[in-house]
Amino acid sequence: MKMKERNAQLKSALGAMATKERIQEVASIPQEDSKNRQGFAAYSLTDEFRLITMLNTLKVKDQFYRDEDTIMRELRDLIEKIGMKNPYFLAQCIIYARCMGEGMRTINQLAATLAAPFISGTPWAKAFYGLFDKKMKQGGVIFRVDDMSAIKDAYVALNKSVLSNAMKKGFANALVNLDTYQLAKYKDTVIDIANLVHPNSSLSKATVVVDGKEMKTLDALMNGLTVSADTWEVAQSEAGQEVAKAVKEGKLTKEEAEVVLAEAKADNWEALLNDGRLGVMAALRNIRNIMKNPRKEMIDNWCNLIKDTKKVQQALILPIYFDLAYDTVVHEFANVDYAPQVQQALQDGYIASIPNLSNLVQGKTCIIVDCSGSMGCAYSDGKNCNSRSCWTARTYTDRCSYKAGLIAATIAKATGADVIKFGGDANWYKYNKNLNVFALAKEIGTNEYGWTNPAAAFELMRRAGKAYDRIIFLSDNEANSFNKTSDAYKHYVHDVCSPYVYCVDLAAYGTTPLKSDKISYHYGYGAQLYDAIANNEFKPGEHFEKIKKVVIDPNYIPTEKDLKV
């Protein structure tokens, strides 16, 4: 064997010489201390971090490796453990997740219900079940008015009494602090809750004029008087009622009524948009109504609304909703007037929902995307997700794989990052930088790679000798390979470099395949994820620090016990 060939063999067998620092880092990486849901080696998470990931990631629906009942039992057990130790931190976790984090609704409403026994009797209990002040970024768990109904319904299902005392006081205080718009928009919830908690309407500043007389809006609603919220729901409902009345009286035929109603609804959309009374989420959800009878001024105002960065971020709109609206336009209204303008606005709106990474994330980045079969099952309405076959019927936008693809596409386009797709094996993915973020997400976010072997991705980087400043690992964290991810990661650190690693958990099963001081854990899907990556790069425990700063009651000074986690 020639010397050159022998040297090449030596290099291949032993890899590059590692620095002393990298050798020490590899030696400090701990051994796995747990197993994932398939019985393979993994790292456990603390109860507190498991709760944070669940509250910010999950819908209370079946997953690939866990059914709905299991999710609820695990949530209950975590709340009991943490509630016994530190109810204040428990309350901060729930408020942060519902009002400041990923904004998941059902799981946080259930958590607020399960937390009741531990919060009861505390000086801040009433404030916890009160309104969240969106301007001051403080307050209780009621982010939307109908959160009260959901918490009440869950509490009734789990207890003999209708509401706890803290809930009664918190809800009553919330009702008297709502404005007329909120009271009228959610009047069914308001009346239902008010009948249970009996708020003192004299404390409310919300008034309305009925028959020429000004009165408290709460009193008007409780007395059955008509109070219009002036929302799109009310406007369209009233238009439908008027047209139906005209048909019944013989003034219009059914055919004429359809034309008149379409025009009336278009007029309402235009008025709401012109007056700035339509919210971003309502605008996205009603994309079909907007596109059915488009008018230039209406389309212009709609586009300006959904790409308004401030409004998008204030409303906690998740990027997925922009993608859903975009897909609707592409598949149902591609040939309709103004479709290109609307598609461009949706792309701008999506970008507005995440930070601009191009100026914030410097250096070289690699995104590792899990494309294994289990990534096809995630947030969906399937009732048998514990069955391996159920995920094939799901729409792609419901899948973890698509969410991973959208995250990867966003960061790749913003930073020029490398992308690796893995399943049983791993390969570099060469993407077209000219594709828009949504089309690129569909290409990246597949789930056709069979079993789950994250080690292959780290081996691919090691063999290529590619050094990165950071690695973003997108997965449901359910590795089922005997090639341990931690070993492959250690070899990469030893032979190539020591990057920071973001483990983005898209399913919250409760374990992770990687752990070290330079690995940061993130959860879910939304603007908060990108904020964490861009602004709090690689700070262990960053989520805890944010949660510990949550102010529940501005008049309450937390004790040393409250702040101890």
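## Close-up views of a predicted model

**View A. Glu74 and Arg50 form a salt bridge, with 3.5 Å between the closest N and O atoms.** The model is predicted. Glu74 sits in helix H4 (residues 68–85) and Arg50 in helix H3 (residues 47–57), so the pair ties together parts 24 residues apart in sequence. Both Glu74 and Arg50 are buried. The structure holds 14 salt bridges.

**View B. Glu332 meets Arg288 in a salt bridge of 2.8 Å, N to O.** Glu332 belongs to helix H20 (residues 319–332) and Arg288 to helix H17 (residues 287–292), so parts 44 residues apart in sequence are tied together. Glu332 is partly exposed, at 43% relative accessible area. Arg288 also counts as partly exposed, at 37% relative accessibility.

**View C. A salt bridge joins Asp418 and Lys466, the closest N and O atoms lying 3.6 Å apart.** Asp418 is in strand E8 (residues 418–422). Lys466 is in the loop between helix H24 (455–464) and strand E10 (470–475), so the pair ties together parts 48 residues apart in sequence. Asp418 is partly exposed at 23% relative accessibility. Lys466 is partly exposed too, with a relative accessible area of 27%. Elsewhere, salt bridges with shared partners link Arg105, Arg144 and Asp146 into one network.

**View D. The largest nonpolar core has 104 residues.** Phe128, Tyr129 and Phe171 have the most contacts inside this core. Helix H5 (residues 87–100) gives the most to the core, with ten residues. Leaving aside neighbours within four places in sequence, Phe171 is in contact with Tyr129, Ile142, Met148, Ile151, Leu163, Ile193 and Val197. A second, separate core has 55 residues, among them Cys303, Val329, Ala339 and Leu506.

**View E. Helix H12 has the buried residues Thr189, Val190, Ile193, Ala194 and Val197.** They cover an arc of only 120° around the axis, which puts them on the same side of H12. These buried residues pack against four helices: H9 (147–158), H10 (165–176), H11 (180–185) and H13 (217–222). Just after H12, His198 takes a positive phi of about 50°.

**View F. A nonpolar patch on the surface is formed by Val156, Val162 and Leu196.** Together the three have about 190 Å² of accessible area. Leu196 is found in helix H12 (residues 187–197). Leu196 is partly exposed, with a relative accessible area of 30%.

**View G. In helix H2 (residues 20–28), the buried residues are Arg22, Glu25 and Val26.** Seen down the axis of H2, they fall within an arc of 100°, so they line one face of the helix. The face turned away from this buried side carries the exposed residues Lys20, Glu21, Ala27 and Ser28. Helix H25 (485–495) is included in what covers the buried residues of H2.

**View H. Ala426 is found in strand E9 (residues 426–429).** Ala426 counts as buried, at 4% relative accessibility. Leaving aside neighbours within four places in sequence, Ala426 is in contact with Ile420, Lys421, Ala456, Ala457 and Leu460.

**View I. The protein chain has 28 helices and 13 strands.** Of its 565 residues, 54% count as buried. Among contacts between residues at least 6 apart in sequence, 72% join residues at least 24 apart. The accessible surface of the chain comes to about 25900 Å². Carbon and sulfur atoms account for 50% of that surface.

Definitions and conventions
Residues are numbered from 1 along each chain as its sequence is written. This is a predicted model: local features need pLDDT of at least 70, side-chain atom pairs count only at pLDDT 80 or more; totals for chains, interfaces and linings use all residues. Side-chain values use heavy atoms; hydrogens and water are left out. Patches are made of residues with over 30% relative accessible area and no salt bridge: like charges are joined within 9 Å, nonpolar side chains (Val, Leu, Ile, Met, Phe, Trp, Tyr) within 5 Å. Accessible areas come from the Shrake-Rupley method with a 1.4 Å probe; for residues, only the protein chains shown count as cover. A salt bridge is a side-chain nitrogen of Lys or Arg within 4 Å of a carboxyl oxygen of Asp or Glu. Helices (H or I, at least four residues) and strands (E, at least two) are DSSP runs, numbered from the N terminus. Buried means under 20% relative accessible area, exposed over 50%, partly exposed in between (1.4 Å probe, protein chains only). A nonpolar core is a set of buried Ala, Val, Leu, Ile, Met, Phe, Trp, Tyr and Cys residues joined through side-chain atoms within 4.5 Å. Contact means heavy atoms within 4.5 Å. The arc is that of the directions from the helix axis to the C-beta atoms.
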